[in-house]
Structure formats: C-alpha cells, structure tokens
Amino acid sequence: MNITLNIGLNVSNNYLPDGVERMHLQYEYVKEYLETVLGTPMQIGLAVSATERTVVVEYSNVEAVLQKLFWLAHEFKQDCIAYSVEYAGRCLGGALVGNYAHEWNYGIFNESYF
C-alpha cells in the first residue's frame, strides 16, 4: 500500500499576519523537511495545479505518514494536505487533512486531483 501527498507551496493566508500576502515555500525546503521527518520517499516531484505549484510525494509507510499529516499541514502553514492511498494501482480513497480542511469542499477527497 502507498500513500501520495499533494502539498501546495503557497502559504495559507490563515497563517499570515494582516497585510501580508503571497508567501511561498520552496520545493527544496519541503523536500528536505519531508526526508528528515518521514524518510526518503519512493517518488517526489513538482506539479502545477489550477491554483499553485505543488509537491507530489509518495511513500510506502502509510500508517507512519498518516500519523504526522495533520502536524505537517500546520508546519508547512497549509490549510490542508491532500492524500490518497493506493493498493495494486487502485485508489482506495483519501482525504484533506489540516486545520482548515473544511474550507476546501468540506475536506472531501476528490480523486480527480490525483
């Protein structure tokens, strides 16, 4: 079983002080941080969604990643991090995890983004 994360590089306005806009995480920073916290991923890359650049990363240790996901969303100052779990090439489901996941389609997972 594998888990794929989609982490946006735009810092959420929910974490920024009033009057500050458009802060971004750097890909290399996110990559190094993930490797320190979760270990070396199976795959990692940069993608572009309709709204921002994102880091798409895949791990095989699903349970360990899920335990740290809410905390990672906060550390990266994201409204939420989207994840999907796959087995034998088939998506088993996923979710949006973070303090502000409810602001994104009520935290409901959308497989079309994966």
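Student: How many aromatic pairs does the structure hold?

Tutor: The structure holds 5 aromatic pairs. Rings of Phe, Tyr and Trp (its six-membered ring) pair if their centres lie within 6.5 Å; planes under 30 degrees apart count as stacked, over 60 as edge-to-face and the rest as tilted. This is a predicted model, in which local features need pLDDT of at least 70 and side-chain atom pairs count only at pLDDT 80 or more, while totals for chains, interfaces and linings use all residues. Residues are numbered from 1 along each chain as its sequence is written, and side-chain values use heavy atoms, with hydrogens and water left out.

Student: What are the distance of the centres and the angle of the planes for Y29 and Y33?

Tutor: A pair of aromatic rings is described by the distance of the centres and the angle of the planes. For Y29 and Y33 the centres are 5.8 Å apart and the planes stand at 40 degrees, so the pair is tilted. Y29 and Y33 are separated by about one helical turn because they lie 4 residues apart in helix 1 (residues 27-38). Helices (H or I, at least four residues) and strands (E, at least two) are DSSP runs, numbered from the N terminus. Y29, Y33, W71 and F76 form one aromatic cluster.

Student: Is Y33 buried or exposed?

Tutor: Buried means under 20% relative accessible area, exposed over 50%, and partly exposed in between (1.4 Å probe, protein chains only). Y33 is buried, at 19%, whereas Y29 has 41% relative accessibility and counts as partly exposed.

Student: Which order do the strands of the open sheet have?

Tutor: Strands of a sheet pair through backbone hydrogen bonds, either parallel or antiparallel. Two strands pair if DSSP finds at least two bridges between them. Here the open sheet of 5 strands has the order 2-3-1-4-5, with antiparallel pairing. Strand 2 and strand 5 stand at the edges with a single partner strand each, so one side of each is left without a neighbour in the sheet.

Student: How many bridges join strand 2 and strand 3?

Tutor: Strand 2 (residues 43-48) and strand 3 (residues 53-59) pair in the antiparallel sense over 6 bridges. The two form a hairpin with 4 residues between them, and V48 stands opposite R53. Strand 1 (residues 2-8) also pairs with strand 3 in the antiparallel sense, over 6 bridges; there G8 has T54 as its bridge partner.

Student: Where is L92 placed, and is L92 buried or exposed?

Tutor: L92 lies in strand 5 (residues 90-97) and counts as exposed, at 53% relative accessibility.
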